[in-house]
Amino acid sequence: MTGSKPEPGSGLLHFAVCENAGRLVLMKEGLVKAEFWLQRWREGSTPWNEGVPNAALRRHLDCLNLQPGDRVFVPLCGKAEDMWWLHEQGFDVLGIDLSPIAGREFLGAHGLAFTETQHARYVLIESPGFRLFAGDFFALDAGDLEGVAAIYDRAALVALPPPERQRYARHLTELLEAPILLISMEYPEHEIEGPPFPVSEQDIRELFGKRRRVQHLAEEDIIERSNLRKRGVTQLVEHAYLIA
Ligand SMILES: C[S@@+](CC[C@H](N)C(=O)[O-])C[C@H]1O[C@@H](n2cnc3c(N)ncnc32)[C@H](O)[C@@H]1O
């Protein structure tokens, strides 16, 4: 195992990485370092990307009571096809991901021309119907998210190790009062080192329950179609929640 010391001023303390079968694995007690994700994007290694719109999103979007033209915020958006599907349903999409490659690849894959503008806290990648921030979610302020009517989180909360989850939930709910459709997952914790990290219903209630009403909408066994099987996961259940 090789460990790294916290980088002064990085704001990302206590991270530690170890080498496991040639792959970087993040220790559960650590905070995931931005460089981990940026490197994955540079290498084109994005196994979390479903490539099709998420089934639970399609099933449960109605819970958000959106009107045509409403703006949906997708934190830690990657290049998820979910954003395209939301666009096709007539919504305006606002996303953020650390890497500009995510936004570029997403818009490029759909043949959309886009502009990129450098701002103090992020690069803004825009195309009609899409505003994609390349930067740190935790640096967003309420002004960046003006007009957002709903939030869609798939594989965002579960991408963050436990110490960062509370910060994520607090920042998201302080930024916006909008309802959240949240898709998380659970697997036997000991089977792999995250990300993704398993998040239970109790975790969700502890994270959001004081400020919002949490409703468990559905669960689905997704092990057969998940590439986490290759990493040794034997049981995998996806959960959908409405947090309003
Ligand atoms: C597991 S992926 C999920 C992506 C997308 N939601 C999906 O379903 O395909 C997590 C994403 O979060 C991004 N990310 C991690 N930490 C972030 C942060 N602090 N701010 C913005 N994006 C972040 C990573 O670059 C990565 O693309």
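How many helices and how many strands does the protein have? In this predicted model, the protein comprises 6 helices and 11 strands. Of its 244 residues, 32% are buried, and where contacts between residues at least 6 apart in sequence are considered, 61% join residues that are at least 24 apart.

Strand E5, which spans residues 115-118, runs antiparallel to strand E6, which spans residues 122-127, and the two are joined by 4 bridges. Thr117 has Leu124 of E6 as its bridge partner, and the hairpin formed by E5 and E6 leaves 3 residues between the strands. Strand E6 is also joined to strand E7, made up of residues 130-135, in this case by 6 bridges and again in an antiparallel arrangement. In this second pairing Ile125 is found opposite Leu132 of E7, while the hairpin of E6 and E7 has 2 residues between its strands, and Gly129 in that hairpin adopts a positive phi near 95°.

The surroundings of the ligand were examined next. A total of 19 residues surround the ligand, and the closest of these are Trp37, Leu76, Gly78, Phe137 and Ala155. When the shell around the ligand is divided by class, 13 of its residues are nonpolar, whereas 3 are polar and 3 are charged.

Technical notes:
Residues are numbered from 1 along each chain as its sequence is written. This is a predicted model: local features need pLDDT of at least 70, side-chain atom pairs count only at pLDDT 80 or more; totals for chains, interfaces and linings use all residues. A residue is buried if 20 or more other C-beta atoms lie within 10 Å of its own, exposed if 12 or fewer, and partly exposed in between; C-beta atoms are placed from the backbone. Two residues are in contact if their C-beta atoms, placed from the backbone, lie within 7 Å. A residue is near a molecule or strand if its C-beta atom, placed from the backbone, lies within 6 Å of it. Ala, Val, Leu, Ile, Met, Phe, Trp, Tyr, Cys and Pro count as nonpolar, Asp, Glu, Lys and Arg as charged, and the others, Gly among them, as polar. Two strands pair if DSSP finds at least two bridges between them.
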